[in-house]
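Subject: Structure handover

Hello,

Here is the structure you were expecting. Please open it alongside this note; my findings follow below.

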Amino acid sequence: MAETAETAENERATERPMAGEQARSGMVDVAANGIAASLSEGIVIAIAPGFFEVASGDEAFLCTLRGRLRVSRPQAPAPGSARRPVDAGAGRRLHRGPQRERPVTAVAPAENPPVRIAPGDRVRFLRLRAGEGVIEEVLPRRAALSRMRSEVGTEQILLANPDHAVLAFAVRDPAPHFGMLDRYLALCEHAGVDISIGLNKVDLGMPEEVRRAADLYARLGYTVLATSAETGAGVEGLRARLRDRTSLLTGPSGVGKSSLMNVLVPGAAQRIAAISEATGKGRHTTTGVRLLPLPEGGWLADSAGIRELALWNVPSEALPRAFRELRPYADQCDYEDCEHGEGEEGCALRAALAAGAITPERWASFARLLDEARAQEAPEWRR
Ligand SMILES: Nc1nc2c(ncn2[C@@H]2O[C@H](COP(=O)(O)OP(=O)(O)OP(=O)(O)O)[C@@H](O)[C@H]2O)c(=O)[nH]1
Ligand SMILES: [Mg+2]
Ligand SMILES: [Zn+2]
């Protein structure tokens, strides 16, 4: 009897570190469900209602989601929660000294966080029959590129775990909208994602105002690539930027994203059709984003043309840093709650504008995003 008790005690003692080990390694004890199997790791490449296409090695699996999913992903903070509330009665606060960028700290996961898997998420899944599986766990998400669905005010994650974004525009047909480019740039800068600016359809000739704008963005330190999906010009330069990374190819409709995708990924159109067929509800895919494997290594996600890009969860405070030429002046205003408005006393950003550090066009983009962010942050009754 005593021996049994001791053994049981030992088992409990060894159980705890074991459980800890499992939690750290992310392994799920599926033996508890009567299925003794280890899990495979993969990347979510396409999503349809109720189904997830997961790539693992050279294989693809059509997966459903385990009812009670384990999530080891830290939850992203709610929009605006990173922003300190401005106490209207407290008066203006002077900066006491140079401010450093605060590190982004992971927020502890909530008790039962809702799981919304996005393309690019890493998952662990249980293999069932050939080509089918069940997702058991979502791995921590490093970063995400999101927009706000302006119609409904909810987040659309364009790509999870992105390394790089190609912001695609056409030199003409349709003419580039650089205010829109500035939005994409701010989004990617805030997410800490490497950026390439693609100017497609160069076979149609480069209008002078587009060349001037391209020079401006190159001076800001961005890689600007002139490409043609039609002639293949500049495509190798783009390919070199994509190698071994997970990239989002995004931009307005009609600029040639799908055409570029077809040049970069042999058989892209057929692969996309195959994925749609596999998920069975191709026409009803919710995200429109699909990842395709690049022959030289890495993943490329083509997003459907976005007509309106509203930023998601980029607080107004973070916006000066999302504009490269304003970054040296961020947090330099005399007052901590400076609104960077016209005639604002001691505004370092306005001073930078007056000194020509930022062009009026880029400033206009900044001011517009600032207004939008503030409108989102305002309490309900003030909107
Ligand atoms: N002249 C020229 N035409 C191009 C080029 N790339 C694409 N096109 C044409 O532009 C049109 C739009 O191309 P898509 O590849 O469908 O554009 P997209 O960006 O995927 O558009 P959405 O899917 O609506 O977002 C098509 O008629 C293409 O043939 C190019 O490099 N040069
Ligand atoms: Mg397309
Ligand atoms: Zn200011």
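In β4, Arg122 is the bridge partner of Ile43. Strands here are DSSP runs of E with at least two residues, helices are runs of H or I with at least four residues, and both are numbered from the N terminus. Two strands count as paired if DSSP finds at least two bridges between them. β1 (residues 40–48) and β4 (residues 122–127) run antiparallel, joined by four bridges.

This is a predicted model, so local features need pLDDT of at least 70, side-chain atom pairs count only at pLDDT 80 or more, and totals for chains, interfaces and linings use all residues. Residues are numbered from 1 along each chain as its sequence is written, while chains are lettered from A and ligands numbered from 1 in the order in which they are written.

**β1 and its partners**

β1 also runs antiparallel to β2 (residues 51–56), with five bridges between them. Phe51 in β2 is the bridge partner of Ala48. The β1 and β2 hairpin has two residues between the strands, and Gly50 takes a positive phi near 80° there. Is β1 buried or exposed? Seven of its nine residues are buried, so β1 is largely enclosed by the rest of the structure. Buried means that 20 or more other C-beta atoms lie within 10 Å of the residue's own; exposed means 12 or fewer, and partly exposed is in between, with C-beta atoms placed from the backbone.

**Confidence**

The protein averages a pLDDT of 80, and 72% of the residues score at least 70. pLDDT is the predictor's confidence in each residue, from 0 to 100. Over residues 75–90 it stays under 50, and the model has 17 contacts for them beyond four places in sequence. Residues 280–287 are also below 50 in pLDDT; this stretch has 17 contacts in the model beyond near neighbours in sequence. A contact means that the C-beta atoms of two residues, placed from the backbone, lie within 7 Å. Where pLDDT is low, the predicted coordinates should not be read in detail.

**Overall make-up**

The protein has nine helices and 14 strands. Of its 383 residues, 34% are buried. Among contacts between residues at least 6 apart in sequence, 71% join residues at least 24 apart.

**The six-stranded sheet**

This open sheet has mixed pairing and the order β10-β9-β8-β11-β13-β12. β10 (223–226) and β12 are the edge strands, each pairing on one side only. From one strand to the next, the twist averages 25°. Angles run from 0 to 180 degrees between N-to-C directions, and axes are lines fitted to C-alpha atoms, for helices over the stretch in contact.

β11 (residues 245–250) runs parallel to β13, joined by five bridges. Thr246 stands opposite Trp299 in β13. Helix α4 (residues 235–242) packs on the sheet, touching β8 (164–170), β9 (194–200), β10, β11 and β13; its direction makes about 140° with that of β10. Helix α5 (residues 257–264) lies across β8, β9, β11, β12 and β13, at about 155° to β13.

Arg290 has Asp302 in β13 as its bridge partner. The two strands form a hairpin with four residues between them, and Gly297 in the turn has a positive phi of about 100°.

β6 (residues 144–149) and β14 pair over two bridges. Met148 stands opposite Ala310 in β14.

**Core**

The largest nonpolar core has 84 residues. Such a core is a set of buried Ala, Val, Leu, Ile, Met, Phe, Trp, Tyr and Cys residues joined through C-beta atoms within 7 Å. Those with the most contacts inside it are Val54, Leu145, Leu159, Leu167, Ala186 and Leu300. α2 gives the largest share, seven residues. Beyond its neighbours within four places in sequence, Leu159 is in contact with Pro119, Gly120, Ala144, Leu145, Leu248, Val289 and Ala301.

Best regards
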